[in-house]
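Trainee: I would like to learn how to read a protein model. Please take me through one.

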Amino acid sequence: MEQCLFCGIVAGKVPSKKVYEDSHPIAFLDINPRNPGHALVIPKKHYTTLLDMPEKESGTLFESVRRVAAMVSSGTKSHGLSVVQSNGQAAGQVVQHVHFHVIPRFLNDTSAGLEGILPTKRMDEASMDKIAEAIKSASHHHASQKEEHYERPEKPKKPKDEIDFNF
Ligand code: AMP
Ligand code: ZN
């Protein structure tokens, strides 16, 4: 993708502070770090979101995330580590090239975990069952859509408007 900022970093046309590179992914420092050592791990090939990637390539990407996480952790002597990955506008994705944030965490950090992303929601058991069923019947179908050499018969999907939440 010609206009993509991170493709520009992969091509060496946009400067970056690279901390890791192999034949598939690279990692470099986030220009606006949430903590010192905040790194981004990206595939060299352009995909917009995680769900646009073939399963195999996302597996390779996550192996590198694991590797970079270990490097960031020992390089910064962090107490903990957050791995964050946002897909789509609703999730706050700003750069349209799939990336994992690897953020070193310290015990005095404000907002330690998921409460920094969204507050918890109350759901009754029937709603939990309903959403679990919707996810179970969709998951394999969706995964197989992205896998070229893998075919699975299509399962009937519940229409979206059948899913309602009682928050
Ligand atoms: P997201 O909100 O998950 O799309 O995160 C995009 C991240 O990319 C942000 O944390 C930005 O600070 C970071 N970023 C934007 N431009 C650059 C750049 N040129 N080099 C390194 N990181 C960048
Ligand atoms: Zn790109």
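**Strands and their surroundings**

Mentor: Strand S2 (residues 25-29) pairs with S3 in the antiparallel sense, over 5 bridges. Two strands pair if DSSP finds at least two bridges between them. This is a predicted model, in which local features need pLDDT of at least 70, side-chain atom pairs count only at pLDDT 80 or more, and totals for chains, interfaces and linings use all residues. Residues are numbered from 1 along each chain as its sequence is written, and chains are lettered from A and ligands numbered from 1 in the order in which they are written.

Trainee: Which residue stands opposite Ala39 in S3?

Mentor: Leu29 does. S3 is also joined by 3 bridges to strand S5 (residues 100-105), and these two run antiparallel. There, Val41 stands opposite Phe100 in S5.

Trainee: How many strands and helices are in the chain?

Mentor: Helices (H or I, at least four residues) and strands (E, at least two) are DSSP runs, numbered from the N terminus. The chain has 3 helices and 5 strands, in the pattern α-β-β-β-α-β-β-α along the sequence.

Trainee: How many residues of strand S3 are buried?

Mentor: A residue is buried if 20 or more other C-beta atoms lie within 10 Å of its own, exposed if 12 or fewer, and partly exposed in between; C-beta atoms are placed from the backbone. In S3 (residues 39-43), 5 of 5 residues are buried. Ala39, Val41 and Pro43 point one way, while Leu40 and Ile42 point the other way. In the chain, buried residues make up 16% of the 167 residues.
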